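The following note is intended for a reader who is meeting this structure for the first time. Its points concern the ligand and its surroundings.

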Amino acid sequence: MANWVTGKVTDITNWTDSLFSIKVHAPIEKFTAGQFAKLALEIEGTRIQRAYSYVNSPNDNNLEFYLVTVPEGKLSPRLATLKAGDELLVTEQAAGFFVLDEVPDSQTLWMISTGTAIGPYLSILQLGDNLDRFENIVLIHAVRWGKDLSYLPIMKELEKKFQGKLRIQTIVSREKWPDSLMGRIPALIENGELEAAVGLPIQASSSHIMLCGNPQMVRDTQQLLKEQRNMTKHLRRKPGHITSEQYW
Ligand SMILES: Cc1cc2nc3c(=O)[nH]c(=O)nc-3n(C[C@H](O)[C@H](O)[C@H](O)COP(=O)(O)OP(=O)(O)OC[C@H]3O[C@@H](n4cnc5c(N)ncnc54)[C@H](O)[C@@H]3O)c2cc1C
Ligand SMILES: NC(=O)c1ccc[n+]([C@@H]2O[C@H](COP(=O)([O-])OP(=O)(O)OC[C@H]3O[C@@H](n4cnc5c(N)ncnc54)[C@H](OP(=O)(O)O)[C@@H]3O)[C@@H](O)[C@H]2O)c1
C-alpha cells in the first residue's frame with residue numbers, strides 16, 4: 001500500500017490549452033531521477049490516482065510534473081484546474097525503473113521521448129550524475145505542434161551546460177518547424193534522417209536507446225530497432241540495447 005502525503009501546489013504554468021506544469025511542495029522521500037510519483041485527488045468520494053514522472057532534479061525541493069490534459073480523462077482534466085495554494089496527494093515514495101542505474105555503459109545514450117515523456121530525461125540531465133560513462137548523449141523530443149515544445153529553453157540550457165556532450169533534436173509531426181525534423185520517430189530512424197541531423201549513428205555496437213511516452217511509439221521503435229539494427233530489449237539477466245517506459 002502506498003503512503004500518501006499532502007502536497008501544496010506552489011505554481012502552475014499553462015504552456016498551451018492542453019499542456020501544463022505543476023510545481024508542488026510535499027514531504028516526500030528522496031526519489032531517483034527518472035522515477036515517477038502518483039498524484040491523486042478525491043473526486044466525488046473516490047481517490048483517483050495516476051502516475052506522473054518527476055521533471056525536477058532530486059536535489060530540487062520544488063517538485064515538478066509536466067502534464068497533458070487527456071480529453072475525457074478522469075484525473076488530468078481535474079489536475080489542470082488546480083491553482084497555487086491548492087492541495088493534492090502525492091505518494092511518499094517514488095517508483096519505477098526508468099533510471100540510469102538500469103542503463104548499461106555505451107558510447108552514445110539516446111534519450112527519446114514523445115509529449116510529456118521528456119520529463120524523466122530532464123530530471124536525469126538536471127541532476128547530471130553518472131553520465132561520465134557516456135561519450136555522447138542525445139535528447140530527442142517529439143511533439144505534434146511546435147508550440148508543444150514547452151521545455152525547449154531548458155533543453156538548450158542543458159545542451160550548453162554539457163559543452164558538446166549533449167545534443168538535442170526536436171521533432172514536430174504536424175507542421176514544419178525551425179530546427180525540427182518533421183514526421184514520426186520510427187520513420188525518421190528508418191530513413192536515416194534522425195541520425196543525419198544529430199550526426200551520430202544508432203547501432204548495437206555503440207548505442208543504448210531509452211524510449212519513453214506514447215506506447216505505440218515505444219512498440220514501433222523497438223520493433224524497428226530489432227529488425228533493422230539488431231538491437232534487443234535490455235534486461236538485468238540478459239543485457240541488450242533498449243530501455244523503455246510506456247505512459248499508458
Ligand atoms: C510510469 C508512468 C509515468 C507517467 N508520467 C506522466 C507524465 O509525466 N505526464 C503525463 O501527462 N502523463 C503521465 N502518465 C500518464 C498518466 O498516468 C495518466 O494516464 C494520464 O494523465 C491520463 O489520466 P486520466 O485519468 O486523465 O485519463 P484516464 O481516464 O485514465 O484515461 C483515458 C485514456 O487516455 C489515454 N491516455 C492516458 N494517458 C495518456 C497520455 N499521457 N497521452 C495520451 N493519451 C493518454 C489512454 O488510452 C487512457 O485509457 C504516466 C503514466 C505512467 C504509467
Ligand atoms: N498536443 C496537443 O496539441 C493536444 C491538444 C489537445 C489534446 N491533446 C491530447 O493529449 C493526449 C496526448 O497528446 P500528445 O500530443 O501529448 O501525445 P501524442 O499523441 O503521443 O503525440 C506526441 C508525438 O508522438 C507521435 N506519435 C504518436 N503515435 C506514434 C507512433 N505510433 N509512433 C511514433 N510516433 C507517434 C505524434 O505524432 P502524430 O502527430 O503523427 O500522431 C506526436 O509527434 C491525446 O489524448 C491528445 O488528444 C493533445
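1. The shell around ligand 1 comprises 11 nonpolar, five polar and three charged residues; Ala, Val, Leu, Ile, Met, Phe, Trp, Tyr, Cys and Pro count as nonpolar, Asp, Glu, Lys and Arg as charged, and the others, Gly among them, as polar. Of the 19 residues around the ligand, R50, A51, Y52, L75 and S76 come nearest (a residue is near if one of its heavy atoms lies within 4 Å).

2. This is a predicted model, in which local features need pLDDT of at least 70 and side-chain atom pairs count only at pLDDT 80 or more, whereas totals for chains, interfaces and linings use all residues. Residues are numbered from 1 along each chain as its sequence is written, chains are lettered from A and ligands numbered from 1 in the order in which they are written, and side-chain values use heavy atoms, with hydrogens and water left out.

3. Elements that each supply at least two shell residues are β4 (46-53), β5 (63-68), α1 (76-79) and β12 (242-246) (DSSP runs, numbered from the N terminus: helices are H or I of at least four residues, strands E of at least two). The largest share, four residues, comes from β4.

4. Domain 1 (4-91) and domain 2 (100-246) both contribute to the shell, so ligand 1 lies between them; the bounds come from an automatic or database domain assignment.

5. A polar side-chain atom of S76 is 2.6 Å from an oxygen atom of ligand 1. A polar backbone atom of Y66 lies 2.8 Å from a nitrogen atom of the ligand, and one of K74 lies 2.9 Å from an oxygen atom of the ligand.

Methods
Polar contact = N/O pair within 3.5 Å; in protein donor to acceptor, adjacent residues only side chain to side chain.
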